[in-house]
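Try each one yourself before reading its solution.

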Amino acid sequence: MDLVGIGEAMALLRPGGPRGRLGRAASVDVAGAESNVAVGLAQLGHEVAWAGRLGDDDFGSIVAERLRRQRVSLRLAEIDPELPTGLIVKRRSPRRGVQYYRRGSAGSLITTTLVDAVVAQKPRVVHLSGVTPALSPEARAAVVHAVESELAPHTITSFDVNYRPLLWSTRDEAATTLRRLAGRATVVFVGLDEADALWGAHTADDVRRLLPAPRHLIVKDAAVGATEFHPEGRTHTPAFRVRIRDVVGAGDAFAAGWLHGWLTGAAPADRVNLGHVMAGRALRSHGDFPSRAISPTSARRRALRAARRAHTSDAPREDSR
């Protein structure tokens, strides 16, 4: 198996009518950082699984059905007979676009036992995010266990910082916990805005000084581009121009594209550009991920075209202001 994502998956509810009116039918889909990455890699032809917990309810059934439809295996998922599936509602509000209902959900109680079951499968990548350790003490212990477990020689840990301030008691708690987890992973994805908010890191080089251990550190700077620090040095590629329809899921799609590049032996610039390609697909789509798959050949062709149009420099733009 190429990747197993361990984390929370929720039902995503989109009301069909104006705010406060229930006249139109709502649509239900699936959302979740780790499941999004699994879907992205499945759409690129990889064998993937999602490991987490769902409630024994209608929302849990919908999440499971949507993931299976995207060719994501659920053989490592657990069904809780008592706790509900988490829910995210897209609200038609000028001040707040989404509302979460995840406290006390089945997905918030991921355990070390589930992590052990994943590790025993010996996937090439175990993918985690900074959302999970903020959900409960049990979930935090599970993520710590995952990054500190003795893995098979060919297995790596991938960690997306995914800082969500509303989930944490204090910024200091988040900063300490997420830096510890990122420092133990093989591959780390972090937005420069997140690194600035958490650790006061203003440039990609600042982030690297704070996180020297990961073999691959990818620092994303939104519309500017992304910088990867790797054993051969560093590579910066500018972001692509995209007409944005929905920003949700773009970071997860980037991670899927980069991991596809790593799994297939792509060079640093190529795998970062594959991240940009997949992020662009998510930005042009409604929901956490596009519904249609993309062939690896098409993804690489798009990345190569964009790379030829863009100027790649060893000095990232955010460092040269």
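**Exercise 1.** In which helix does Gly 275 lie? Work out, too, whether Gly 275 is buried or exposed.

First, a word on the model: it is predicted, so local features need pLDDT of at least 70 and side-chain atom pairs count only at pLDDT 80 or more, while totals for chains, interfaces and linings use all residues. Residues are numbered from 1 along each chain as its sequence is written, and side-chain values use heavy atoms, leaving out hydrogens and water.

Step 1: Gly 275 sits in helix α9, residues 268-283 (helices are DSSP runs, H or I, of at least four residues, and strands are E runs of at least two, numbered from the N terminus).

Step 2: Its relative accessibility is 0%, so Gly 275 counts as buried (buried means under 20% relative accessible area, exposed over 50%, partly exposed in between, with a 1.4 Å probe and protein chains only).

Step 3: Beyond neighbours within four places in sequence, Gly 275 is in contact with Ala 253, Phe 254, Gly 257 and Trp 258 (contact means heavy atoms within 4.5 Å).

**Exercise 2.** How many aromatic pairs does a search of the whole structure find?

Step 1: The search turns up 2 (rings of Phe, Tyr and Trp, its six-membered ring, pair if their centres lie within 6.5 Å; planes under 30 degrees apart are stacked, over 60 edge-to-face, the rest tilted).

Step 2: Phe 189 and Phe 254 have ring centres 6.4 Å apart and planes at 85 degrees, so they're edge-to-face.

Step 3: Phe 189 is in strand β12 and Phe 254 in helix α8, so this pair ties together parts 65 residues apart in sequence.

Step 4: Ring pairs join Phe 189, Phe 254 and Trp 258 into a cluster.
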